[in-house]
Amino acid sequence: MKFDTVIIGGGLAGMVCGIRLAEAGERCAIVSQGQSALHFSSGSFDLLSRMPDGTPVSDPMVGVAELERIAPEHPYARIGAERCDRYARQVPAFLREAGLPVTGEDRRNHFRITPMGKSKATWLTLEGYLRTEAPGQFPFRQVCIVNVEGFLDFYPEFVAEEFRKYDITCRFGTINFPDLEQIRQNPSEMRSANIARVFDHERNLEALAAKIREVAADCEAVILPAIIGLNRDDAFAVLQSKVDKPLYLLPTLPPSIPGIKAQQALQARFRALGGEYFLGDTVLSGELENGRVKQIYTANQGNIPFQADHFVLATGSFFSKGLVATPDRIVEPVFGADTVFTSDRSTWYTLHFFDRQNYQAFGLRTDAELRVMKEGVALENLYGIGAGLSGFHPVQEGCGAGVSLLSAFYVAETILNSRKS
Ligand SMILES: Cc1cc2nc3c(=O)[nH]c(=O)nc-3n(C[C@H](O)[C@H](O)[C@H](O)COP(=O)(O)OP(=O)(O)OC[C@H]3O[C@@H](n4cnc5c(N)ncnc54)[C@H](O)[C@@H]3O)c2cc1C
(Lines give C-alpha, C1' and ligand atoms only; values in the text may rest on other atoms or scores of the structure.)
Protein backbone atom coordinates (compact mmCIF):
# COMPACT_ATOMS: atom_id res chain seq x y z
CA MET A 1 0.00 0.00 0.00
CA LYS A 2 1.44 3.35 -1.02
CA PHE A 3 0.66 6.71 0.56
CA ASP A 4 2.29 10.12 0.65
CA THR A 5 2.51 9.95 4.45
CA VAL A 6 1.79 7.19 6.92
CA ILE A 7 1.17 8.13 10.53
CA ILE A 8 1.69 5.51 13.22
CA GLY A 9 -0.71 6.18 16.11
CA GLY A 10 -4.15 7.78 15.97
CA GLY A 11 -4.33 9.81 19.18
CA LEU A 12 -4.61 13.59 19.28
CA ALA A 13 -1.17 14.14 17.71
CA GLY A 14 -1.53 11.58 14.92
CA MET A 15 -4.99 12.71 13.92
CA VAL A 16 -4.17 16.41 13.97
CA CYS A 17 -1.10 15.80 11.80
CA GLY A 18 -3.16 13.62 9.46
CA ILE A 19 -5.87 16.27 9.12
CA ARG A 20 -3.34 19.05 8.41
CA LEU A 21 -1.75 16.92 5.69
CA ALA A 22 -5.05 15.74 4.22
CA GLU A 23 -6.32 19.35 4.16
CA ALA A 24 -3.37 20.13 1.90
CA GLY A 25 -4.23 17.23 -0.40
CA GLU A 26 -1.74 14.62 0.88
CA ARG A 27 -2.71 10.98 0.53
CA CYS A 28 -2.45 9.98 4.10
CA ALA A 29 -3.00 6.87 6.26
CA ILE A 30 -3.17 6.51 10.02
CA VAL A 31 -2.53 3.11 11.55
CA SER A 32 -3.62 2.95 15.16
CA GLN A 33 -3.57 0.09 17.57
CA GLY A 34 -6.26 1.18 19.95
CA GLN A 35 -7.79 3.89 22.03
CA SER A 36 -5.75 6.92 22.93
CA ALA A 37 -5.23 9.20 25.92
CA LEU A 38 -8.19 11.21 24.61
CA HIS A 39 -10.49 8.62 26.17
CA PHE A 40 -9.28 9.93 29.53
CA SER A 41 -9.36 13.60 28.63
CA SER A 42 -10.84 16.31 30.81
CA GLY A 43 -12.44 18.09 27.86
CA SER A 44 -9.76 20.78 28.14
CA PHE A 45 -6.58 21.22 26.16
CA ASP A 46 -3.54 22.40 28.11
CA LEU A 47 -0.87 24.49 26.41
CA LEU A 48 1.40 25.56 29.26
CA SER A 49 0.10 25.98 32.79
CA ARG A 50 3.36 26.00 34.78
CA MET A 51 7.04 26.55 34.14
CA PRO A 52 9.45 23.69 34.91
CA ASP A 53 10.11 25.22 38.37
CA GLY A 54 6.36 25.22 39.12
CA THR A 55 5.71 28.95 38.56
CA PRO A 56 2.12 29.37 37.29
CA VAL A 57 1.77 30.65 33.73
CA SER A 58 -1.04 32.98 32.73
CA ASP A 59 0.02 33.78 29.15
CA PRO A 60 1.24 30.48 27.66
CA MET A 61 3.17 32.26 24.91
CA VAL A 62 5.23 34.25 27.40
CA GLY A 63 6.04 30.91 29.04
CA VAL A 64 6.90 29.29 25.70
CA ALA A 65 9.30 32.14 24.86
CA GLU A 66 10.96 31.64 28.25
CA LEU A 67 11.22 27.87 27.64
CA GLU A 68 13.14 28.61 24.46
CA ARG A 69 15.75 30.27 26.69
CA ILE A 70 15.82 27.96 29.72
CA ALA A 71 14.77 24.52 28.38
CA PRO A 72 16.18 24.00 24.87
CA GLU A 73 15.19 20.32 24.90
CA HIS A 74 11.51 21.12 25.43
CA PRO A 75 9.43 20.38 22.29
CA TYR A 76 8.18 24.00 22.29
CA ALA A 77 11.78 25.25 22.30
CA ARG A 78 12.59 22.96 19.40
CA ILE A 79 9.58 24.11 17.43
CA GLY A 80 10.43 27.72 18.32
CA ALA A 81 8.34 30.31 20.15
CA GLU A 82 7.35 32.16 17.00
CA ARG A 83 5.98 29.07 15.29
CA CYS A 84 4.28 27.92 18.51
CA ASP A 85 2.50 31.26 18.65
CA ARG A 86 1.40 31.01 15.02
CA TYR A 87 0.12 27.44 15.41
CA ALA A 88 -1.60 28.18 18.73
CA ARG A 89 -3.59 30.98 17.10
CA GLN A 90 -4.80 28.51 14.46
CA VAL A 91 -5.82 25.72 16.84
CA PRO A 92 -9.28 26.99 17.99
CA ALA A 93 -10.49 27.36 14.38
CA PHE A 94 -8.92 24.01 13.49
CA LEU A 95 -10.83 22.28 16.31
CA ARG A 96 -14.06 24.07 15.44
CA GLU A 97 -13.69 22.96 11.85
CA ALA A 98 -13.43 19.39 13.12
CA GLY A 99 -16.68 19.83 15.08
CA LEU A 100 -15.06 20.58 18.43
CA PRO A 101 -16.08 24.11 19.47
CA VAL A 102 -13.78 25.35 22.22
CA THR A 103 -13.67 28.44 24.40
CA GLY A 104 -10.54 30.22 25.58
CA GLU A 105 -8.09 32.92 24.56
CA ASP A 106 -4.97 31.99 22.65
CA ARG A 107 -2.79 34.03 25.02
CA ARG A 108 -4.48 33.55 28.36
CA ASN A 109 -5.09 30.48 30.48
CA HIS A 110 -8.39 29.98 32.26
CA PHE A 111 -9.43 27.40 34.86
CA ARG A 112 -11.30 24.17 34.34
CA ILE A 113 -12.98 22.23 37.12
CA THR A 114 -11.83 18.64 37.71
CA PRO A 115 -14.22 15.76 38.54
CA MET A 116 -13.24 16.41 42.18
CA GLY A 117 -14.19 20.10 41.98
CA LYS A 118 -10.63 21.49 41.97
CA SER A 119 -9.65 24.38 39.70
CA LYS A 120 -6.83 23.69 37.23
CA ALA A 121 -5.28 26.07 34.75
CA THR A 122 -5.82 25.15 31.13
CA TRP A 123 -5.92 26.76 27.69
CA LEU A 124 -8.98 25.70 25.68
CA THR A 125 -12.14 24.04 27.00
CA LEU A 126 -14.91 22.43 25.01
CA GLU A 127 -18.09 24.50 24.96
CA GLY A 128 -20.61 23.65 27.66
CA TYR A 129 -18.03 22.79 30.33
CA LEU A 130 -17.70 24.92 33.44
CA ARG A 131 -14.67 27.23 33.32
CA THR A 132 -13.69 30.29 35.31
CA GLU A 133 -11.26 33.15 34.74
CA ALA A 134 -9.74 32.64 38.21
CA PRO A 135 -10.13 29.94 40.86
CA GLY A 136 -13.44 30.41 42.65
CA GLN A 137 -14.82 33.05 40.24
CA PHE A 138 -17.92 31.01 39.53
CA PRO A 139 -20.73 32.47 37.43
CA PHE A 140 -23.22 31.60 40.21
CA ARG A 141 -23.55 31.87 44.01
CA GLN A 142 -25.86 28.95 44.38
CA VAL A 143 -25.98 25.78 42.30
CA CYS A 144 -27.69 22.41 42.04
CA ILE A 145 -25.27 19.53 41.40
CA VAL A 146 -27.22 16.84 39.62
CA ASN A 147 -26.20 13.20 39.37
CA VAL A 148 -27.69 10.00 38.04
CA GLU A 149 -28.55 7.50 40.74
CA GLY A 150 -25.89 4.79 40.98
CA PHE A 151 -23.34 6.63 38.81
CA LEU A 152 -20.05 6.22 40.67
CA ASP A 153 -17.63 8.13 38.42
CA PHE A 154 -18.79 11.54 39.62
CA TYR A 155 -18.75 12.75 43.23
CA PRO A 156 -21.13 15.67 43.91
CA GLU A 157 -20.06 15.86 47.58
CA PHE A 158 -16.40 16.40 46.68
CA VAL A 159 -17.35 19.04 44.14
CA ALA A 160 -19.57 20.77 46.70
CA GLU A 161 -16.80 20.70 49.31
CA GLU A 162 -14.53 22.62 46.92
CA PHE A 163 -17.26 25.06 45.86
CA ARG A 164 -18.16 25.84 49.48
CA LYS A 165 -14.61 27.13 50.01
CA TYR A 166 -15.74 30.01 47.77
CA ASP A 167 -19.05 30.47 49.58
CA ILE A 168 -21.08 28.79 46.88
CA THR A 169 -24.28 27.22 48.22
CA CYS A 170 -24.72 23.72 46.82
CA ARG A 171 -27.82 21.59 46.57
CA PHE A 172 -27.98 18.09 45.21
CA GLY A 173 -30.40 16.50 42.80
CA THR A 174 -30.51 12.81 41.93
CA ILE A 175 -32.23 11.60 38.82
CA ASN A 176 -33.39 8.24 37.64
CA PHE A 177 -35.07 6.80 34.53
CA PRO A 178 -36.68 3.54 33.55
CA ASP A 179 -34.23 3.28 30.60
CA LEU A 180 -31.30 3.41 33.03
CA GLU A 181 -32.61 0.44 35.04
CA GLN A 182 -31.22 -2.07 32.60
CA ILE A 183 -27.62 -0.84 32.90
CA ARG A 184 -28.00 -0.30 36.65
CA GLN A 185 -28.54 -4.03 37.15
CA ASN A 186 -24.78 -4.40 36.73
CA PRO A 187 -22.92 -1.61 38.61
CA SER A 188 -19.90 -1.96 36.32
CA GLU A 189 -22.17 -0.96 33.40
CA MET A 190 -23.06 2.36 35.04
CA ARG A 191 -20.36 4.19 33.12
CA SER A 192 -20.59 7.56 31.44
CA ALA A 193 -20.60 6.16 27.90
CA ASN A 194 -23.48 3.75 28.58
CA ILE A 195 -25.50 6.45 30.32
CA ALA A 196 -24.83 8.89 27.48
CA ARG A 197 -26.20 6.37 24.99
CA VAL A 198 -29.51 6.47 26.87
CA PHE A 199 -29.61 10.27 26.58
CA ASP A 200 -28.84 10.17 22.87
CA HIS A 201 -32.58 9.40 22.51
CA GLU A 202 -34.73 12.49 22.16
CA ARG A 203 -37.37 11.10 24.53
CA ASN A 204 -34.82 10.57 27.30
CA LEU A 205 -33.14 13.92 26.75
CA GLU A 206 -36.57 15.59 27.10
CA ALA A 207 -37.19 13.60 30.28
CA LEU A 208 -33.75 14.57 31.62
CA ALA A 209 -34.57 18.24 31.07
CA ALA A 210 -37.88 17.83 32.90
CA LYS A 211 -36.15 16.11 35.85
CA ILE A 212 -33.49 18.81 36.04
CA ARG A 213 -36.16 21.52 36.07
CA GLU A 214 -37.83 19.66 38.93
CA VAL A 215 -34.78 18.97 41.15
CA ALA A 216 -33.15 22.35 40.51
CA ALA A 217 -36.35 24.41 40.71
CA ASP A 218 -35.04 26.87 43.30
CA CYS A 219 -31.41 26.99 42.14
CA GLU A 220 -29.56 29.63 40.18
CA ALA A 221 -27.59 27.23 37.95
CA VAL A 222 -27.15 23.52 37.31
CA ILE A 223 -24.08 21.30 37.17
CA LEU A 224 -24.35 18.01 35.32
CA PRO A 225 -21.63 15.36 34.89
CA ALA A 226 -20.56 14.80 31.27
CA ILE A 227 -23.08 12.07 30.50
CA ILE A 228 -24.70 13.52 27.39
CA GLY A 229 -23.81 14.00 23.77
CA LEU A 230 -21.95 10.81 22.92
CA ASN A 231 -23.47 10.40 19.48
CA ARG A 232 -25.21 13.71 18.95
CA ASP A 233 -23.58 17.12 18.79
CA ASP A 234 -26.69 19.04 19.76
CA ALA A 235 -27.34 17.32 23.12
CA PHE A 236 -26.00 20.15 25.27
CA ALA A 237 -27.75 22.88 23.27
CA VAL A 238 -31.04 20.98 23.32
CA LEU A 239 -30.82 20.36 27.06
CA GLN A 240 -29.82 23.95 27.78
CA SER A 241 -32.76 25.23 25.75
CA LYS A 242 -35.15 23.15 27.85
CA VAL A 243 -33.64 23.95 31.26
CA ASP A 244 -34.62 27.42 32.36
CA LYS A 245 -31.25 28.34 33.94
CA PRO A 246 -27.55 28.15 33.07
CA LEU A 247 -26.31 24.60 32.70
CA TYR A 248 -22.66 23.56 33.02
CA LEU A 249 -21.01 20.20 32.42
CA LEU A 250 -18.22 18.78 34.54
CA PRO A 251 -15.89 15.99 33.38
CA THR A 252 -16.23 12.62 35.08
CA LEU A 253 -13.72 9.91 35.81
CA PRO A 254 -12.96 7.89 32.63
CA PRO A 255 -14.27 6.95 30.18
CA SER A 256 -14.47 10.59 29.18
CA ILE A 257 -17.41 11.61 27.00
CA PRO A 258 -15.68 14.82 25.80
CA GLY A 259 -12.56 12.79 24.99
CA ILE A 260 -14.44 10.09 23.10
CA LYS A 261 -16.29 12.82 21.22
CA ALA A 262 -13.01 14.50 20.35
CA GLN A 263 -11.58 11.21 19.11
CA GLN A 264 -14.67 10.52 16.98
CA ALA A 265 -14.83 14.05 15.59
CA LEU A 266 -11.15 14.14 14.57
CA GLN A 267 -11.40 10.68 13.05
CA ALA A 268 -14.48 11.72 11.07
CA ARG A 269 -12.76 14.91 9.87
CA PHE A 270 -9.70 12.96 8.75
CA ARG A 271 -11.84 10.46 6.85
CA ALA A 272 -13.98 13.22 5.31
CA LEU A 273 -10.79 14.73 3.89
CA GLY A 274 -9.97 11.41 2.23
CA GLY A 275 -7.64 10.00 4.89
CA GLU A 276 -7.53 6.26 5.52
CA TYR A 277 -7.76 5.25 9.16
CA PHE A 278 -6.68 1.69 10.02
CA LEU A 279 -8.01 1.19 13.55
CA GLY A 280 -7.06 -1.88 15.56
CA ASP A 281 -3.85 -2.57 13.68
CA THR A 282 -0.40 -2.47 15.26
CA VAL A 283 2.75 -1.39 13.47
CA LEU A 284 5.27 -4.06 14.33
CA SER A 285 8.41 -2.97 12.52
CA GLY A 286 9.94 -0.64 10.00
CA GLU A 287 12.44 -1.34 7.25
CA LEU A 288 15.23 1.19 6.81
CA GLU A 289 17.27 1.91 3.71
CA ASN A 290 19.95 4.58 3.32
CA GLY A 291 18.92 6.45 6.44
CA ARG A 292 15.25 6.49 5.48
CA VAL A 293 12.20 4.45 6.40
CA LYS A 294 11.30 2.47 3.32
CA GLN A 295 8.21 0.67 4.59
CA ILE A 296 6.47 -0.54 7.71
CA TYR A 297 4.74 -3.81 8.58
CA THR A 298 1.63 -4.24 10.66
CA ALA A 299 -0.01 -7.12 12.52
CA ASN A 300 -3.13 -7.20 10.32
CA GLN A 301 -1.51 -6.65 6.92
CA GLY A 302 1.23 -9.27 7.47
CA ASN A 303 3.79 -9.16 4.69
CA ILE A 304 1.98 -6.42 2.77
CA PRO A 305 3.94 -3.29 3.72
CA PHE A 306 2.79 0.32 4.00
CA GLN A 307 5.06 2.49 1.85
CA ALA A 308 5.27 6.27 1.92
CA ASP A 309 7.55 9.24 1.32
CA HIS A 310 7.17 10.30 4.95
CA PHE A 311 6.35 8.50 8.17
CA VAL A 312 5.25 10.06 11.45
CA LEU A 313 5.69 8.30 14.78
CA ALA A 314 2.76 9.36 16.99
CA THR A 315 2.56 6.30 19.22
CA GLY A 316 2.38 8.20 22.51
CA SER A 317 4.23 7.55 25.71
CA PHE A 318 4.24 4.66 28.22
CA PHE A 319 0.45 4.90 28.58
CA SER A 320 -0.08 3.87 24.93
CA LYS A 321 3.00 1.65 24.68
CA GLY A 322 4.76 4.07 22.35
CA LEU A 323 7.56 3.81 24.91
CA VAL A 324 8.36 0.73 26.95
CA ALA A 325 10.49 0.62 30.09
CA THR A 326 12.77 -2.38 30.61
CA PRO A 327 14.81 -2.71 33.83
CA ASP A 328 17.64 -0.60 32.42
CA ARG A 329 16.40 1.20 29.29
CA ILE A 330 13.55 3.04 27.65
CA VAL A 331 12.70 1.35 24.38
CA GLU A 332 10.82 2.64 21.33
CA PRO A 333 9.35 -0.65 20.09
CA VAL A 334 8.69 -0.09 16.36
CA PHE A 335 12.03 1.20 15.05
CA GLY A 336 14.29 0.73 18.08
CA ALA A 337 14.81 4.49 17.82
CA ASP A 338 17.09 6.41 20.20
CA THR A 339 15.47 7.51 23.43
CA VAL A 340 16.42 10.05 26.07
CA PHE A 341 16.58 8.71 29.64
CA THR A 342 18.93 8.62 32.60
CA SER A 343 21.01 5.48 33.03
CA ASP A 344 20.57 5.24 36.81
CA ARG A 345 17.13 3.68 37.26
CA SER A 346 16.81 4.96 40.81
CA THR A 347 16.51 8.49 39.36
CA TRP A 348 13.56 7.60 37.11
CA TYR A 349 10.87 8.23 39.70
CA THR A 350 10.24 9.26 43.28
CA LEU A 351 7.85 7.42 45.54
CA HIS A 352 5.80 10.59 45.98
CA PHE A 353 3.23 10.17 43.25
CA PHE A 354 2.50 13.87 42.74
CA ASP A 355 6.16 14.92 42.58
CA ARG A 356 7.81 15.81 39.31
CA GLN A 357 8.77 12.38 37.95
CA ASN A 358 11.84 12.23 35.75
CA TYR A 359 10.48 9.37 33.65
CA GLN A 360 7.75 11.64 32.31
CA ALA A 361 10.31 13.63 30.35
CA PHE A 362 11.86 10.51 28.82
CA GLY A 363 11.07 9.89 25.18
CA LEU A 364 12.20 10.00 21.59
CA ARG A 365 15.51 11.63 20.75
CA THR A 366 14.93 13.93 17.77
CA ASP A 367 16.73 16.63 15.85
CA ALA A 368 15.52 20.24 15.60
CA GLU A 369 12.95 19.27 12.95
CA LEU A 370 11.64 16.51 15.22
CA ARG A 371 13.14 13.84 12.98
CA VAL A 372 13.55 10.62 14.95
CA MET A 373 17.13 9.50 15.59
CA LYS A 374 18.54 6.01 15.41
CA GLU A 375 22.08 5.23 16.46
CA GLY A 376 22.80 8.93 16.70
CA VAL A 377 21.62 9.84 13.19
CA ALA A 378 18.30 11.46 12.26
CA LEU A 379 16.21 9.31 9.93
CA GLU A 380 15.48 11.52 6.96
CA ASN A 381 11.73 10.82 6.61
CA LEU A 382 10.61 9.77 10.10
CA TYR A 383 9.23 12.44 12.44
CA GLY A 384 8.20 12.15 16.07
CA ILE A 385 5.20 14.03 17.49
CA GLY A 386 3.06 14.07 20.62
CA ALA A 387 3.36 12.39 23.99
CA GLY A 388 6.32 10.21 22.93
CA LEU A 389 8.64 13.19 22.57
CA SER A 390 11.26 13.82 25.26
CA GLY A 391 12.03 16.95 27.24
CA PHE A 392 8.72 17.93 28.80
CA HIS A 393 6.54 17.10 31.80
CA PRO A 394 2.93 16.94 30.57
CA VAL A 395 1.40 16.76 34.04
CA GLN A 396 3.62 19.14 36.05
CA GLU A 397 3.88 21.72 33.28
CA GLY A 398 0.29 21.27 32.07
CA CYS A 399 1.32 21.04 28.43
CA GLY A 400 0.14 17.57 27.27
CA ALA A 401 -2.36 18.44 24.56
CA GLY A 402 -0.37 21.52 23.53
CA VAL A 403 2.73 19.49 22.75
CA SER A 404 0.61 17.03 20.73
CA LEU A 405 -1.17 19.80 18.81
CA LEU A 406 1.80 22.05 18.08
CA SER A 407 4.24 19.26 17.23
CA ALA A 408 1.62 17.85 14.84
CA PHE A 409 1.21 21.27 13.17
CA TYR A 410 4.98 21.66 12.95
CA VAL A 411 5.69 18.27 11.39
CA ALA A 412 2.78 18.59 8.95
CA GLU A 413 4.19 21.96 7.84
CA THR A 414 7.69 20.52 7.54
CA ILE A 415 6.43 17.68 5.35
CA LEU A 416 4.41 20.03 3.17
CA ASN A 417 7.36 22.42 2.81
CA SER A 418 9.57 19.52 1.76
CA ARG A 419 7.21 18.92 -1.14
CA LYS A 420 7.78 22.47 -2.36
CA SER A 421 11.57 22.22 -2.34
C1 LIG B 1 -4.79 9.43 31.14
C2 LIG B 1 -4.38 10.70 30.49
C3 LIG B 1 -5.24 11.80 30.50
C4 LIG B 1 -4.85 13.01 29.90
N5 LIG B 1 -5.71 14.08 29.94
C6 LIG B 1 -5.33 15.25 29.37
C7 LIG B 1 -6.20 16.40 29.39
O8 LIG B 1 -7.31 16.35 29.89
N9 LIG B 1 -5.76 17.55 28.82
C10 LIG B 1 -4.52 17.65 28.25
O11 LIG B 1 -4.15 18.72 27.79
N12 LIG B 1 -3.69 16.58 28.21
C13 LIG B 1 -4.05 15.39 28.75
N14 LIG B 1 -3.21 14.31 28.71
C15 LIG B 1 -1.92 14.44 28.04
C16 LIG B 1 -1.94 13.67 26.69
O17 LIG B 1 -0.69 13.06 26.60
C18 LIG B 1 -2.18 14.55 25.49
O19 LIG B 1 -3.23 15.39 25.74
C20 LIG B 1 -2.52 13.82 24.19
O21 LIG B 1 -3.86 13.36 24.18
C22 LIG B 1 -1.58 12.71 23.82
O23 LIG B 1 -1.85 12.37 22.47
P24 LIG B 1 -0.86 11.55 21.57
O25 LIG B 1 -1.53 11.37 20.26
O26 LIG B 1 0.49 12.13 21.58
O27 LIG B 1 -0.69 10.11 22.30
P28 LIG B 1 -1.77 9.01 22.66
O29 LIG B 1 -3.06 9.61 22.98
O30 LIG B 1 -1.12 8.16 23.69
O31 LIG B 1 -1.96 8.18 21.31
C32 LIG B 1 -1.03 7.27 20.84
C33 LIG B 1 -1.75 6.29 19.90
O34 LIG B 1 -0.79 5.44 19.27
C35 LIG B 1 -1.28 4.13 19.24
N36 LIG B 1 -0.13 3.21 19.13
C37 LIG B 1 0.86 2.97 20.04
N38 LIG B 1 1.75 2.08 19.53
C39 LIG B 1 1.30 1.74 18.29
C40 LIG B 1 1.78 0.86 17.27
N41 LIG B 1 2.91 0.15 17.41
N42 LIG B 1 1.05 0.73 16.14
C43 LIG B 1 -0.08 1.45 15.96
N44 LIG B 1 -0.57 2.31 16.88
C45 LIG B 1 0.10 2.45 18.03
C46 LIG B 1 -2.06 3.99 20.55
O47 LIG B 1 -2.96 2.93 20.50
C48 LIG B 1 -2.73 5.37 20.63
O49 LIG B 1 -3.94 5.36 19.93
C50 LIG B 1 -3.57 13.11 29.29
C51 LIG B 1 -2.74 11.99 29.27
C52 LIG B 1 -3.12 10.80 29.86
C53 LIG B 1 -2.18 9.65 29.80
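Student: How far is an oxygen atom of the ligand from an N or O atom in the side chain of Ser32?

Tutor: That distance is 3.2 Å, which falls under a polar contact (a pair of N or O atoms within 3.5 Å). Bear in mind that this is a predicted model, where local features need pLDDT of at least 70, side-chain atom pairs count only at pLDDT 80 or more, and totals for chains, interfaces and linings use all residues. Residues are numbered from 1 along each chain as its sequence is written, and side-chain values use heavy atoms, with hydrogens and water left out.

Student: And what is the distance for the side chain of Ser320?

Tutor: An oxygen atom of the ligand lies 2.6 Å from an N or O atom in the side chain of Ser320. The protein buries 87% of the 990 Å² that the ligand exposes when taken alone, with areas from the Shrake-Rupley method and a 1.4 Å probe.

Student: Which element gives the most to the shell around the ligand?

Tutor: H12 does, with three residues; helices here are DSSP runs of H or I with at least four residues, numbered from the N terminus. By class, the shell has 13 nonpolar, 18 polar and two charged residues, where Asp, Glu, Lys and Arg count as charged, Ala, Val, Leu, Ile, Met, Phe, Trp, Tyr, Cys and Pro as nonpolar, and the others as polar.

Student: Switching to H4, where is the kink?

Tutor: The kink, of about 35°, lies at Val91, shortly before the proline Pro92, the bend being the angle between axes fitted to the seven residues ending there and the seven starting there.

Student: What follows H4?

Tutor: Gly99 follows H4, with a positive phi near 90°.

Methods. Polar contact = N/O pair within 3.5 Å; in protein donor to acceptor, adjacent residues only side chain to side chain. Helix = DSSP H or I, 4+ residues; strand = E, 2+ residues; numbered from the N terminus.
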